[in-house]
Amino acid sequence: MINHSPCGKLVTAHGPNLFLVGNLKHVEVPVPIPKKDELVLKLEATSLNAADWKVQKGMVRPFWPRKFPHIPGTDVAGEVVEVGPGVKSFKVGDKVVAVNSLADGGGLAEFAVTKERLTVSRPAEVSAAEAAALPIAGLTAHQTLTQQAGIKLDGTGQQRNILITAASGGVGHYAVQLAKLGNAHVTATCGARNIDFVKSLGADEVLDYKTPDGAALKSPSGKKYDAVIHCAKDIPWSTFEPNLSANGKVLDLAPGPGAMMTFALKKLTFSKKQLLPVFLSAKGENLDYLVKLVKEGKLKTVIDSKHSLSKAEDAWAKIVDRHATGKIIVEP
């Protein structure tokens, strides 16, 4: 058992209606106590995602957060220091990586509680930072490619033409690598400074999104896309449609009202070309699969920057800016 006296943590100061970086505050709160099928981790690394600042900004109210103070951060890696009743897969001292719900958060802290079913072992070959970067971004890329785009990551499926927008970001840089494992032809968009980086991930064609062809999403080789992994924002359906194959799909990872209207319209009109919103359903077995790919050198985590917990405000500013290359990591 560990001492459940107060420990240093970072929490939102007032609530999602006050969303400036300055409204994150370092405070003392108790070490969490694990309930049934839960573990307490001493954290070694946390990664930030766009969803974290959206919660703070109040974009998902009244659903999340459910209570205050709220500690942001869903993606965590660390060492098990306590297990709750019913936990069978882990023991004190195990190195693990886990994903928490947006409602629970807890990552910007010294200790966090996680669910056993969403916690997996971290081998010594995978660093805490590499592992912590995986959950939300890696699982989103994995789910979108395998379930929605129909890619078989063992490379045995029919080759498909895939477009990945914002390919240098957290989800995008994993999506490029996973799509190539699945034998897809990958066209990607990113800013000019990241073109060589995205090519190094395996993309077959890379477009600067600020050029005319990039803005039009036109494949340099003239290919039509069977699926678009849409990680960017503010691209209208009219830009996607002429670039899609006969049964092409746009898989929107952050659908706004316009995208939802397009989704409904395409369904109602039985269009073969579809826009489909994507909502992550995190599964422990998929996270374990991704961790093993990293261990085997088949998938790499690219880290944009690392920040100490005492300077988490700097990490928060970078995630709000939305121009990170790869993942942003916070360490104790």
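1. In this predicted model, the largest nonpolar core comprises 54 residues. The residues with the most contacts inside this core are Leu134, Ile162, Ile164, Leu178, Val198, Ile229 and Leu299. Helix H4, which covers residues 170-181, gives the most to the core, with 6 residues. As general background, nonpolar side chains in soluble globular proteins tend to be buried together.

2. Leaving aside neighbours within four places in sequence, leucine 134 is in contact with Leu139, Tyr174, Leu287, Leu290, Val291, Val294, Leu299 and Thr301. A second, separate core has 13 residues, and Leu24, Val29, Leu48 and Leu108 are included in it.

3. Helix H4 is mostly covered, with 10 of its 12 residues buried. The buried residues are Gly170, Val171, Gly172, His173, Tyr174, Ala175, Val176, Gln177, Leu178 and Ala179.

4. The length of H4 can be checked against expectation. At 1.5 Å a residue, its 12 residues should span 16 Å, and the end C-alpha atoms lie 18 Å apart, so the two values agree. Just after H4, asparagine 183 adopts a positive phi of about 65°.

5. Threonine 239 belongs to helix H7, residues 237-240. Threonine 239 counts as buried because its relative accessible area is 18%, and the cut-off for buried is under 20%. Apart from neighbours within four places in sequence, threonine 239 is in contact with Ala215, Ala216 and Leu217.

Conventions
Residues are numbered from 1 along each chain as its sequence is written. This is a predicted model: local features need pLDDT of at least 70, side-chain atom pairs count only at pLDDT 80 or more; totals for chains, interfaces and linings use all residues. Side-chain values use heavy atoms; hydrogens and water are left out. Helices (H or I, at least four residues) and strands (E, at least two) are DSSP runs, numbered from the N terminus. Buried means under 20% relative accessible area, exposed over 50%, partly exposed in between (1.4 Å probe, protein chains only). Contact means heavy atoms within 4.5 Å. A nonpolar core is a set of buried Ala, Val, Leu, Ile, Met, Phe, Trp, Tyr and Cys residues joined through side-chain atoms within 4.5 Å. The expected span of a helix is 1.5 Å times one less than its number of residues.
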